[in-house]
Amino acid sequence: MSANIRGTLVLDFKRFLTHLGQDPAKVFSAAGYPLESALDRDTRVPVEVPTALLETAARMLDMPDFGLRLAEFRQMPDLGPVALFLREKETLGDVLETIAQAFHLHSNALYLTNIDMGDTIVHAIELLTTDHRLSRQSAEMIVAGVREMFRWILGPDWRPAGILFRHARVLPERTYLAHFGQVPEFEQEYNAIVLERADLSLSLKRAAPAFDKDARAILADVQSAPEVFLYRVRQLIVLTLGQGEARADRIAGLLGIDRRTLHRRLSREGLTFSGLLHDVRREFAQQYVVSTDRSMAEIALLVGFESPAVFSRWYRDAMGQTPRDSRAAARAGA
């Protein structure tokens with residue numbers, strides 16, 4: 001299955017351009033996506049579509065914080081079926097756990113994972129695409145959008161303990177202060193929102209009507225679908241990659257199954273664990289190399305290699321050029 005997202009984001013993008021007094025057709029055309037294709041909120045579109053639209057609009061409108069502005073315009077994102085699961089939750093901790101399990105109903109390209117760091121919880125928010133493209137606009141729009149969701153749930157006065165981005169800082173600090181009320185940390189291991197542990201027990205501010213029968217029916221089926229299993233495997237690879245623990249036996253254990261069952265279930269879908277690991281590793285390796293100034297030794301560890309030399313050989317085989325050449329080409333084209 002291709003990496004996709006519900007069409008609601010594309011329609012909101014169109015509304016925002018109109019709000020800005022711009023002609024959506026021009027931006028859509030420049031991004032290679034016909035405006036007439038943006039018809040339905042629940043139609044699945046390739047995740048590369050909104051990524052291209054964001055980068056194209058930022059360039060055409062000379063608006064380097066376009067993604068951040070779009071998130072503020074949208075406020076609480078339309079999560080469609082995922083919202084059904086949130087309606088019965090009482091605390092933010094319940095919401096975080098539910099989102100991690102059900103977000104594939106909104107997009108199978110976004111992986112939201114909760115990482116316990118002791119006093120804080122890192123709510124990691126990662127975008128994986130089929131062509132491994134980096135999009136700063138997308139990363140900033142998504143993280144800002146999740147923050148808007150938390151503010152909608154907890155009230156407008158809530159603010160996170162921190163905001164993390166894997167890319168290097170591009171915009172002035174004052175721009176981030178205007179959007180977030182704080183300056184994010186850059187060149188971090190995750191795109192994430194950091195929460196205080198006490199935040200998990202915060203009660204939701206939005207009244208939650210009774211959990212209806214439609215939501216119960218979805219919940220009963222959702223965890224058994226093959227695409228959900230694949231989403232969960234990728235999600236756990238994302239979580240464990242930088243810890244050097246993205247191994248089949250480790251992922252199987254986290255799923256509560258043995259390694260043979262993991263391989264068998266992936267084989268049914270024509271996939272292998274090594275293939276999934278390779279795809280996730282390619283995504284993050286390219287993003288670290290192209291969008292940060294991290295050393296190759298540090299990047300090697302972040303994508304699960306103990307040796308920079310082994311990482312460099314793997315990268316050359318996967319990308320067709322060395323990581324240093326890839327970084328130089330990106331800088332030259334910036």
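Visitor: Where is Q75 found?
Guide: Q75 is in the loop between helix 4 (66-74) and helix 5 (81-86). Helices (H or I, at least four residues) and strands (E, at least two) are DSSP runs, numbered from the N terminus. Q75 has a positive phi of about 60°, although it is not a glycine.

Visitor: OK, and what kind of model am I looking at?
Guide: This is a predicted model, where local features need pLDDT of at least 70 and side-chain atom pairs count only at pLDDT 80 or more, while totals for chains, interfaces and linings use all residues. Residues are numbered from 1 along each chain as its sequence is written, and side-chain values use heavy atoms, with hydrogens and water left out.

Visitor: What's the mean pLDDT of the protein?
Guide: The mean is 87, and 90% of the residues reach 70 or more. pLDDT is the predictor's confidence in each residue, from 0 to 100.

Visitor: Where is confidence lowest?
Guide: In helix 9 (residues 213-222), at a mean of 51, whereas strand 5 (residues 162-164) is highest at 97. Over residues 207-215 pLDDT stays under 50.

Visitor: Switching topic: how many salt bridges are there in the whole structure?
Guide: A search finds twelve, counting a side-chain nitrogen of Lys or Arg within 4 Å of a carboxyl oxygen of Asp or Glu.

Visitor: Which residue forms a salt bridge with D12?
Guide: That's R15, with the closest N and O atoms 3.2 Å apart. D12 and R15 both lie in helix 1 (residues 8-19), three residues apart, about one turn of the helix. D12, R15, R41 and R74 are linked in a network of salt bridges.

Visitor: Is D12 buried or exposed?
Guide: D12 counts as buried because its relative accessibility is 3%, and R15 counts as partly exposed at 43%. The cut-offs are under 20% relative accessible area for buried, over 50% for exposed, and partly exposed in between (1.4 Å probe, protein chains only).

Visitor: What about E140, which residue does it pair with in a salt bridge?
Guide: E140 pairs with R136, the closest N and O atoms being 3.0 Å apart. Both sit in helix 7 (residues 136-154), four residues apart. E140 is buried at 0%, and R136 also counts as buried, at 16%.

Visitor: And R250, where does its salt bridge go?
Guide: To E245, with the closest N and O atoms 3.1 Å apart. R250 is partly exposed at 32%, and E245 is partly exposed at 27%.

Technical notes. Contact = heavy atoms within 4.5 Å.
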